[in-house]
Amino acid sequence: MPNSEKLRTVVVDDERLAREELCFLLSQMGGIDVVAQADDGVAALEVIAEQAPDLVMLDVQMPGLTGFEVARRLFRGGTDSHLVFVTAYDQHAIEAFDVNAVDYLLKPVEAERL
C-alpha cells in the first residue's frame, strides 16, 4: 500500500516501553504509518496540530494533560482525527466514548484486538 493510502497515526503514551510496543504492533499490521509520537498531553497537541493524523492512539493518564483533556481540546478545535484510547484502566471506557473515541483498548494491547 503506498504511503498516501496508509492511516497516518500519532501514538501518545507517557510510558516509553508501552509506546514502543504499540508502535511495533501497529507496524506489523500494514496500512498504518506512525508519523509521530508524544509522551505527554501538551506534546500530543503540538504533534497532532503539526501532523494532522488520521488516527491518534491516546493514553488516558499522562502528565500535563490527560488523554481526555487532549481529546476535548482536539474536538473543540474541530479535529478530523479519530481517537482510540489505550490504557490500563477499564473504568474510563464510558468517558472515552463521551469524547467521541472510536475505540478503547486495554493494556497490554493484544495484536488480535488491535
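In this predicted model, A52, which lies just after helix 2, takes a positive phi of about 45°. At the start of helix 2, a side-chain oxygen of D40 reaches to within 3.0 Å of the backbone nitrogen of V42.

Helix 2 itself spans residues 41-51, and its buried residues are G41, A44, L45, V47, I48 and Q51. An α-helix has 3.6 residues a turn, so residues three or four places apart point the same way.

Two packed helices are described by the angle between their axes and the distance between the axes. For helix 2 and helix 3, the axes come within 9 Å and cross at roughly 30°; because angles under 35 degrees count as roughly parallel, helix 2 is roughly parallel to helix 3. The crossing of these two helices is right-handed. In their contact, G41, A44, L45 and I48 of helix 2 meet V70, R73 and L74 of helix 3, and these residues divide into 5 nonpolar, 1 polar and 1 charged.

A further position of interest is V84, which is placed in strand 4 (residues 82-87). With a relative accessible area of 8%, V84 is buried, and its contacts, leaving aside neighbours within four places in sequence, are with L55, V56, M57, L58, V102, D103 and L105. Although V84 and L55 are 29 residues apart along the chain, their C-alpha atoms are separated by 7.5 Å.

Methods. Residues are numbered from 1 along each chain as its sequence is written. This is a predicted model: local features need pLDDT of at least 70, side-chain atom pairs count only at pLDDT 80 or more; totals for chains, interfaces and linings use all residues. Side-chain values use heavy atoms; hydrogens and water are left out. Buried means under 20% relative accessible area, exposed over 50%, partly exposed in between (1.4 Å probe, protein chains only). Helices (H or I, at least four residues) and strands (E, at least two) are DSSP runs, numbered from the N terminus. A polar contact is a pair of N or O atoms within 3.5 Å; within protein, one must be able to donate a hydrogen and the other to accept it, and residues adjacent in sequence count only if both atoms are side-chain atoms. Axes are lines fitted to C-alpha atoms, for helices over the stretch in contact, and angles run from 0 to 180 degrees between N-to-C directions. Angles under 35 degrees count as roughly parallel, over 145 as roughly antiparallel, 65 to 115 as roughly perpendicular and the rest as oblique. A crossing is left-handed if the near helix is turned anticlockwise from the far one by less than a right angle, and right-handed if clockwise. Contact means heavy atoms within 4.5 Å. Ala, Val, Leu, Ile, Met, Phe, Trp, Tyr, Cys and Pro count as nonpolar, Asp, Glu, Lys and Arg as charged, and the others, Gly among them, as polar.
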